[in-house]
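Please keep the sequence and the structure in view while reading.

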Amino acid sequence: MKSARIQYHGDTLAVAVNDDGHPLLADGTILDPEQVTWLPPATGTMFALGLNYADHAAELSFKAAPKEPLVFVKAANAYTGHNGRSWRPDNVEYMHYECELVAVIGKTARNVPRADALDFVAGYTLCNDYAIRDYLENYYRPNLRVKNRDSTTPVGPWIVDRDDVPDPNDLRLRTYINGELRQEGTTADMIFDVAFLIEYLSGFMTLSPGDMIATGTPKGMADVQPGDVVDVEIEGIGRLRNHMVSESDFFRKNQE
Amino acid sequence: MRHAKVEYQGRVRTVTVGPDDLPIGDDGEILDATGLRWLPASGGTLFGVALNYRGLLEARLPEFHQPPYQKPPEKPVLFIKTPNTRNAHQGTVARPQGERLQPGPALGVVIGRRASRVSEQDALDYVRGYTVVNEFSLPEDSYYRPAIKAKCRDGFCALGPWWVDRDDIANPHDLTLTLTVNGVEKQRGSTADLIWPIPRLIAELSEFMTLNAGDVLITGTPPGRVDVSEGDQVDTTIESIGTLRNLIVTDHGGEAKQ
């Protein structure tokens with residue numbers, strides 16, 4: 001089963017989503033997916049992985065794969081839903097997408113061994129963990145200015161129940177810009193998998209329902225520009241669409 | 001005026017704080033200390049700023065010209081204290097087994113309303129008030145990678161006991177911070193030494209992140225973090241604001257929670 005959060009006629013609703021990707025109201029009414037506002041399906045803390053695919057680490061000129069996960073944190077200001085808008089700051093050289101599998105935590109987790117870890121997962125969604133390389137500094141890298149920008153982490157469209165994803169370590173990931181395939185990989189190439197990451201994080205802190213673990217991206221980065229339609233897709237999970245806009249358009253609309 | 005969030009007789013209440021430091025309910029009732037539990041002074045996102053005191057940055061400048069840093073920071077060095085870190089006045093903090101634990105006295109700026117792209121000149125209009133923060137951390141050998149393991153442990157960010165209205169603090173950039181352990185002063189600093197003063201921080205952060213009512217900017221810890229251990233009573237005091245007390249306890253490895 002799939003579940004989502006939407007805004008419909010001014011109400012924020014938790015809904016089920018059918019196999020065709022249509023949200024269902026509690027009374028069974030089937031909604032047109034283009035007529036609702038898709039919200040991020042979870043709003044807890046996002047723990048995001050850097051350099052978690054060997055090919056991507058090589059692409060960024062890291063010679064050896066990391067021995068310990070590189071984890072950074074996002075807060076809810078960063079999220080936007082399916083069909084949402086993200087903005088490219090004026091005068092930057094390089095802003096790129098990152099297609100990532102996201103595990104959503106379903107129950108409080110502390111000191112969970114790897115073997116039990118998936119019991120703590122409610123389901124899976126995907127995100128586009130955009131980055132602006134111009135703003136990388138060598139302090140807490142990648143820093144908040146690169147990774148915790150308003151509306152610059154699309155998440156969704158929905159959460160697929162854990163049990164409907166038999167093997168999260170064998171899923172194809174793809175990114176399209178304006179319909180053209182630009183990135184392709186498989187979660188089989190992840191260095192630290194979901195079960196390992198839950199063990200690792202819960203070994204020193206408590207994870208809560210609604211927290212998310214974004215597991216990193218394979219190689220194949222490319223620049224995005226205002227006007228681009230950027231889709232990230234994971235087999236068996238969904239396809240998450242985002243509209244890139246300029247900084248001035250984004251903030252003009254936000255003021256209205 | 002001082003405001004706080006407390007739990008009293010099983011109910012969560014937002015209260016004012018009277019001259020004897022006891023909370024006063026809406027009806028004027030004084031809530032006595034028995035059965036009173038102080039709650040974290042704010043529930044929003046907690047944004048921290050590292051390396052924001054002059055002495056601290058200056059001491060490391062030679063290192064910051066070398067790899068992996070190459071050059072000193074150009075923007076505020078920010079981090080997030082995740083919600084599991086929230087702690088309160090009189091709350092306990094567990095020292096993780098086999099690790100060194102260090103308190104971090106800091107002035108907390110509580111945001112009062114939604115701030116996006118706010119100018120330095122207008123920034124203080126968006127501030128509700130100020131609170132005392134103890135931003136606990138493991139020692140940081142390096143600032144190169146995000147410090148989640150050092151900073152995001154359960155209970156590692158105490159806020160309170162209360163917040164003081166913005167207009168009651170004439171100059172937030174001239175406040176003395178002190179840390180005492182078991183009554184002995186161990187660390188002292190002044191917000192006069194902030195590298196990024198509060199209005200500049202609000203302008204810099206709100207340039208790319210929306211700040212919401214209840215969010216807190218943890219403006220940084222002065223140089224001289226010390227180690228604390230089990231049984232220590234740690235008091236963080238900021239002049240004109242108050243004293244936040246925490247007790248260090250043994251880490252039982254964190255019970256497996258389901």
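This is a predicted model: local features need pLDDT of at least 70, side-chain atom pairs count only at pLDDT 80 or more; totals for chains, interfaces and linings use all residues.

Strand S14 of chain A, residues 172-177, runs antiparallel to S15(A) and is joined to it by six bridges. S14(A) and S15(A) form a hairpin in which two residues lie between the strands, and A:Asn178 in the turn has a positive phi of about 50 degrees. S14(A) also pairs with S17(A), again in the antiparallel sense, over five bridges, and here the bridge partner of A:Thr175 is A:Val232 in S17(A).

Strand S17 (residues 229-234) of chain A pairs in turn with strand S18 (residues 238-246) of chain A, in the antiparallel sense and over six bridges. A:Val232 has A:Leu240 as its bridge partner in S18(A), so that A:Val232 is bridged to A:Thr175 as well as to A:Leu240. 

## Chain B as a whole

Chain B contains three helices and 16 strands. Its radius of gyration is 18 Å, close to the 18 Å that the globule rule gives for 258 residues, and chain B is therefore as compact as a globular protein of that length. Taken along the principal axes, the box filled by the C-alpha atoms of chain B is roughly 60 × 45 × 40 Å.

Of the 258 residues in chain B, 47% are buried. When contacts in chain B between residues at least 6 apart in sequence are considered, 75% of them join residues at least 24 apart.

## The contact between the chains

The contact draws on 30 residues from chain A and 36 residues from chain B. On the side of chain A that touches chain B, strand S6 (70-74), helix H2 (144-147) and helix H4 (247-255) of chain A each supply at least two residues, and the largest share, four residues, comes from S6(A). By residue class, this side of chain A divides into 13 nonpolar, ten polar and seven charged residues.

Notes:
Residues are numbered from 1 along each chain as its sequence is written. Chains are lettered from A and ligands numbered from 1 in the order in which they are written. Two residues are in contact if their C-beta atoms, placed from the backbone, lie within 7 Å. Ala, Val, Leu, Ile, Met, Phe, Trp, Tyr, Cys and Pro count as nonpolar, Asp, Glu, Lys and Arg as charged, and the others, Gly among them, as polar. Two strands pair if DSSP finds at least two bridges between them. The radius of gyration is taken over C-alpha atoms; the globule rule is 2.2 Å times the number of residues to the power 0.38. A residue is buried if 20 or more other C-beta atoms lie within 10 Å of its own, exposed if 12 or fewer, and partly exposed in between; C-beta atoms are placed from the backbone.
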